[in-house]
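This report covers a predicted model.

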Amino acid sequence: IEHFTPTGIKLVSGEELPADVVVTATGLKLVVLGKAVFEVDGQRVDFSQTTSYKGMMYSGVPNMASSFGYTNASWTLKADLTCEYVCRLLNHMKAGGYDSCTPVLSGEPMEDIPWLDFSSGYVQRSLDQFPKQGSRKPWRIHQNYARDLMAFRYAKLTDEAMVFARKP
C-alpha cells in the first residue's frame, strides 16, 4: 500500500483498489478468557501465575476448563477433544461422588514454557498475561492431534496432578 485515496487504496505498483471501507487491525491484543474475573476461595485468579493442565485447565483452579484449538490444524479438532475429555471428567466425578477436580502442581520443579508457541505479534504482545505450560505431561501442550487423541480420549483421568475432592 502506498497510500489511501478518496475512493480506495493506491498500491506501490500504481494500481488503485476501490474500497468503500478499509478496516485496519494492527493493534489486536489477546485477552485471557475474555477478561472475566475468577476467584478461588475469595482470591482473584491471576492466570499468568498458573500452569495449563492438558491445555484446558489451570493449576489451582477447581472445576474449570476452557477450549483452545490447534494453531496448526483445524481448530475444532482440539475443541472437540477438549469437550469430550471434560464430559469424561464430569462422568468420573459423578460416579465417584466428587464435587471438585483441581490440577495441582507438585513434585519436581519444571521449566515454564510460554503457553503458545506462535510468533505473530498479536500473540507475542499478550503472552505475559496467559498461563504457562510446563516441560512435561500433563502440563505440556502439544499441537498434535494423534497425541492429544490418546491423552484425551483413552488415557486415565487420574494422574499425579489431578486432585479429586468431596465436600466435607
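## The sheet

Strands β1 and β2 (residues 8–10) pair in the antiparallel sense, over three bridges. His3 stands opposite Lys10 of β2. Strands of a sheet pair through backbone hydrogen bonds, in either a parallel or an antiparallel manner.

β1 and β2 belong to an open sheet of three strands. The strand order is β1-β2-β3, and the pairing is antiparallel. Two strands lie at the edges: β1 (3–5) and β3 (16–18). Each edge strand pairs on one side only. From one strand to the next, the twist averages 25°.

## The α1–α3 helix pair

Helix α1 spans residues 75–96, and helix α3 spans residues 145–154. Their axes come within 9 Å and cross at roughly 15°. That angle makes α1 roughly parallel to α3, because angles under 35 degrees count as roughly parallel. The crossing of α1 past α3 is left-handed.

From α1, the contact draws on Leu77, Lys78, Leu81, Thr82, Glu84, Tyr85 and Arg88. From α3, it draws on Tyr145, Asp148, Leu149, Ala151, Phe152, Arg153 and Tyr154. By class, this contact of α1 with α3 has eight nonpolar residues, one polar and five charged.

## Tyr154

Tyr154 is part of helix α3 and one of the residues in the contact with α1. Is Tyr154 buried or exposed? Its relative accessibility is 52%, so Tyr154 counts as exposed; the cut-off for exposed is over 50%.

Which residues does Tyr154 touch, not counting those up to four places away in sequence? They are Arg88 and Leu149. Arg88 belongs to the α1 side of the helix contact, and Leu149 to the α3 side. Tyr154 and Tyr85 are 69 residues apart in sequence. In space, their C-alpha atoms are 9.2 Å apart.

## Asp159

Asp159 sits in the loop between α3 and β11 (162–165). With 22% relative accessibility, Asp159 counts as partly exposed. The partly exposed class lies between the buried limit, under 20%, and the exposed limit, over 50%.

Leaving aside neighbours within four places in sequence, Asp159 is in contact with Tyr53, Lys54 and Pro138. Leu81, one of the α1 residues in the helix contact, is 78 residues from Asp159 in sequence. Their C-alpha atoms are 18 Å apart in space.

Technical notes: Residues are numbered from 1 along each chain as its sequence is written. This is a predicted model: local features need pLDDT of at least 70, side-chain atom pairs count only at pLDDT 80 or more; totals for chains, interfaces and linings use all residues. Side-chain values use heavy atoms; hydrogens and water are left out. Axes are lines fitted to C-alpha atoms, for helices over the stretch in contact, and angles run from 0 to 180 degrees between N-to-C directions. Helices (H or I, at least four residues) and strands (E, at least two) are DSSP runs, numbered from the N terminus. Angles under 35 degrees count as roughly parallel, over 145 as roughly antiparallel, 65 to 115 as roughly perpendicular and the rest as oblique. A crossing is left-handed if the near helix is turned anticlockwise from the far one by less than a right angle, and right-handed if clockwise. Contact means heavy atoms within 4.5 Å. Ala, Val, Leu, Ile, Met, Phe, Trp, Tyr, Cys and Pro count as nonpolar, Asp, Glu, Lys and Arg as charged, and the others, Gly among them, as polar. Two strands pair if DSSP finds at least two bridges between them. Buried means under 20% relative accessible area, exposed over 50%, partly exposed in between (1.4 Å probe, protein chains only).
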